[in-house]
Amino acid sequence: MTFLGAGIGYRRSHHAALLAGPGPSVLEIVPDHFFADPAGLEELADRYTIVFHDVGLSIASAGDGALVQARLARLAPLVRLARPVLFSDHLALTRSPAGIDLGHLAPIWRSEEQLDLVVERVRALEDALGVPLALENIAAPFEIPGGMSEPEFFARLVQRTGCGLLLDATNLLLTARNQGYDARRRVREYPLEAVRQVHLAGGLLDAEGFWVDSHSEPVEEESFALLAELGRSRQSLLSIVIERDEQLGELAPLVAEAERAARLWATYGSEARGRQPSSASVRSAEEAR
Amino acid sequence: MLAAFQEAFVSLAADARLRRRFAADPRAALLPFALAAPERAALCAIPVERLERFARALVSKRWGELARLLPLTLRVSPGLARRYRAWALECPAPARDGLLSPGAAEGLRALPALHASLVNDPREACYAADLFAFEVLGAASRGDGEPRGLHSRFALVAIAEDVRRGLLPVDPELRATELGFERDRVRWRPA
C-alpha cells in the first residue's frame, strides 16, 4: 500500500478554510457532520483524499443490530458520495444491547464470545460498505479483568478478518500512563503490520492525576516518538491523522502538525525500525531531514 | 452471556443509583442481570472509584457537547452545568438514531427536566428556562430541519439579542410570543 500522507480530523469551523486551501493531504471525516448536508461533503471529497471515522456503530455491542442497520442506511449514501479509502470505528461499545446510550466509548471485556461478535460485525460492515475497515484502540478508563489483552484481541481479530488497525498512539500512551506500563514496549505487541492509520492528539492531566484524551492540546513528543516503533507498518500505513476538538484555533497550525508527523514517518518508516527514541531523538530525526 | 454482561456494565456506567447499590453490595446490585459467574466476577473486579470517574467523564462529555449550543443561556444561568450533571447522572439516555448532533439530541432529552428546574428556581432569571428552550430547539431545527415551536411569556428574540450583546435583562416585560424554529430561520409573533 502507498502512504497517502498525514492529515487532520475535519471540524466544521475549518470548512471554509479547507475549501480555500492549502489543506492537509488527507481529511478524516466523522460522517455525522454530513448526514443532513451531503453537498458539503461532496465539495470536500472533490478536493481531498477522504477517510471516514465513525463513533456511532458501537461495534462490540450485542443485540439485534437494528440501530446498526439504521446507521448503515445513513452511511451508505455518504460512502458512495465521498469514496473514502478507509472506514474506521472503535473497538468499543457506546450502548447496551437493550438500548442504554453512553454517548461515548466504553471499554469491552475481551472474551472469546466478544471476539466472535466483533469478527461477525467486521465482516458484515465491510460487506455493507464496500470499504476496508479499521478499528481503533480507545483510551481505556480501566481494564475489565479476566479477558484477553488488547494486543492479543486485535491480533486475533486481524487474523480472522483481515481488517485493519487504527492505532491511536496517544490513546495508547495515555492508557499506559494511567495503568502504569511502558507504551513503547506495549505497542510492539499489536499486529503492527495491519496498521492502516495512526491517530495523534494531545491529552491533559486532570485534577485527580488521570490522563484524559481531551484532544485539546498539541501532540506530545512522546506520542510522535511512538511512530518510530511502527516499522512493521511500513507496508500497511495509509495515513496519520491529527485529532483536535477543543481549543481548536486556525487550520494552519494543525496542518503544520500533520506535516511534521509525515516528515517523521518518512524518517522512521524507511530507516529507523526498532529504534526507541526519546524526545531529543525525535528532534534529531527532524533535523537530519 | 455477552448481552447480559454488557447490559450490566453499561447500566453501571450510566446509572448512579445502580452504582450506589453496586458500591454497597456488588453481588446484590448485579442480581437483576442474568450473569454467569465469570462475568459477575469480572464486573466485581472493576474498582468502584474508576467506574465512578468513568461515569462522571461520560456526563462531562455529554455536557461539553450540549454546552456548545447554549452560549446565551450559560451567560444568564452559569450554574446550568451543575444542574445538568446532577440530572444526567441519574437519568440514563436511550440509544437513538437520527440526524441530530449529540449535543442537540441531548438538549432535547434534557429539555423537560432542566426547563422545569430553571422555572422553579427563584434565583434564576425569569426568562432563563425559555432561553434554554430557545437555544435547544433552535439548534435541533438547524440540525435536522424539523420545524419546532415554543410558547414563551417573553419577547425571547429581543432578550436573546440583548444577551448576545452582553446585556442581561433584569426584569423584562411580559410579552407572550409564539416562536417557530426552522432549519434556516426563527419566526415569531405575539401570542
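Chain A and chain B share 14 residue pairs in polar contact, counting pairs with both residues at pLDDT 80 or more. A polar contact here is a pair of N or O atoms within 3.5 Å; within protein, one must be able to donate a hydrogen and the other to accept it, and residues adjacent in sequence count only if both atoms are side-chain atoms. This is a predicted model, where local features need pLDDT of at least 70, side-chain atom pairs count only at pLDDT 80 or more, and totals for chains, interfaces and linings use all residues. Side-chain values use heavy atoms, with hydrogens and water left out.

**Elements on the chain A side**
- Helix H3 (66–82), strand E5 (93–95), strand E6 (100–106) and helix H4 (112–129) of chain A each give two or more residues to the side that touches chain B.
- E6(A) gives the most, with 7 residues.
- Helices (H or I, at least four residues) and strands (E, at least two) are DSSP runs, numbered from the N terminus.

**Salt bridges**
- The interface holds 6 salt bridges, each a side-chain nitrogen of Lys or Arg within 4 Å of a carboxyl oxygen of Asp or Glu.
- One of them joins A:Asp101 to B:Arg62, with the closest N and O atoms 3.4 Å apart.

**Contact and buried area**
- In contact (heavy atoms within 4.5 Å) are 38 residues of chain A and 35 residues of chain B.
- About 3300 Å² is buried between the two chains, 63% of it from carbon and sulfur atoms; buried area is the accessible area (1.4 Å probe) that two parts lose on being put together, summed over both.
- A:Leu102, A:Trp109 and A:Phe142 lose the most area in chain A to chain B, together 20% of what that side buries.

Key
Residues are numbered from 1 along each chain as its sequence is written. Chains are lettered from A and ligands numbered from 1 in the order in which they are written.
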